[in-house]
Structures are given as C-alpha cells and as structure tokens.
Amino acid sequence: MDVMSGPYLIRGSVSLPEAELIWRFSRSSGPGGQHVNTSDSQVELRFDLAKTEALPEVWKTRALDRLANRLVGGVISVRASEHRSQWRNRETAAVRLASLLAEATAPPPKPRRATKIPRGINERRLREKKQRAQTKKGRTGRDW
C-alpha cells in the first residue's frame, strides 16, 4: 500500500508527470489523536505549470490564463489535510490537482447563437396578455 495509485489523468491520455510534482509535508491540524501532532500528515503538492512540457501548448496557455489568480510564479499548489494518514492526503492532493487542471484546460463552451422569436409565438403572447388584462379590468367594482 506504499505505492501511489497514479498516474493521475488530466484528460484523454495526458497525465500528471510524477517527476514534475513537488511534495511538501507538514504537521496537520486535522482530525486524529495524540500521534497526529507529531506526524507530518498535511500534504502540499506543487506543480510548475509555466515550465511543464507534459501539457500541450494550447492547454498550457489556457490553464495559465484561467488559473492566473491561483499561480505564484507560474506554480500552482494544492493542500490536503483531511485524512490522518499522509498517504491518503497525498492521494487527495494529486486527485485535486488533476481535476483542477482538467477543468482549467477544458475547451471553452460554444458561443450561444442568438435566435429570433417566431412571429406567431410573439403574437399569441401579446393576445393572451391583452385577454388577461381585460379579465383583471373586469374585476374592478367602479360601476356599482
């Protein structure tokens, strides 16, 4: 159970390169007993998005543009400290980073094409609106 369950796919056949991942461990403030105070179970995973060769150039520019507010010097970092074990926190951080990159490299949605409302539908709406106004106008009790 010491082996990571990677490779972590971003999308298609592109995955996070293990060699480019920078791991840092620190003391977690998360759940656990007395032992958790002395074990380094919080994980910080860093990935240099600006210098990576693993992503296609189009994806890389898209990700750099979309994640600009999260990058520090072209490096994106993700933290995980939900679990007691360091191994599970490593898994969580890697999956989180992969899904973040998948979302950031996704192609932009197709632009919405403006469509014209058919004349018949618009006329029917206006006719029903007028009829409703007449119904409400007939409820006033001015002629008593």
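## Asn89 in helix α2

Asn89 counts as buried because its relative accessibility is 0%, where buried means under 20% relative accessible area, computed with a 1.4 Å probe on protein chains only. Asn89 has its place in helix α2, a helix being a DSSP run of H or I of at least four residues and a strand a run of E of at least two, numbered from the N terminus. Apart from neighbours within four places in sequence, Asn89 is in contact (heavy atoms within 4.5 Å) with Ser41, Gln42, Val43, Ala80, Ser81, Glu82 and His83.

## Basis of the description

The model is predicted, so local features need pLDDT of at least 70 and side-chain atom pairs pLDDT 80 or more, while totals for chains, interfaces and linings use all residues. Residues are numbered from 1 along each chain as its sequence is written, and side-chain values use heavy atoms, leaving out hydrogens and water.

## The largest nonpolar core

A nonpolar core is a set of buried Ala, Val, Leu, Ile, Met, Phe, Trp, Tyr and Cys residues joined through side-chain atoms within 4.5 Å. The largest one holds 26 residues, of which Ile10, Leu16, Leu49, Leu67, Leu97 and Leu101 touch the most other members. Two or more residues each come from β3 (21-26), β4 (42-48), α1, β5 (75-80) and α2 (86-105), and the largest share, eight residues, is that of α2. Leaving out residues up to four places away in sequence, Leu101 touches Ile10, Leu16, Phe47, Leu49 and Leu67.

## Arg62 in helix α1

Arg62 is found in helix α1, which spans residues 57-66.

Technical notes
Buried means under 20% relative accessible area, exposed over 50%, partly exposed in between (1.4 Å probe, protein chains only).
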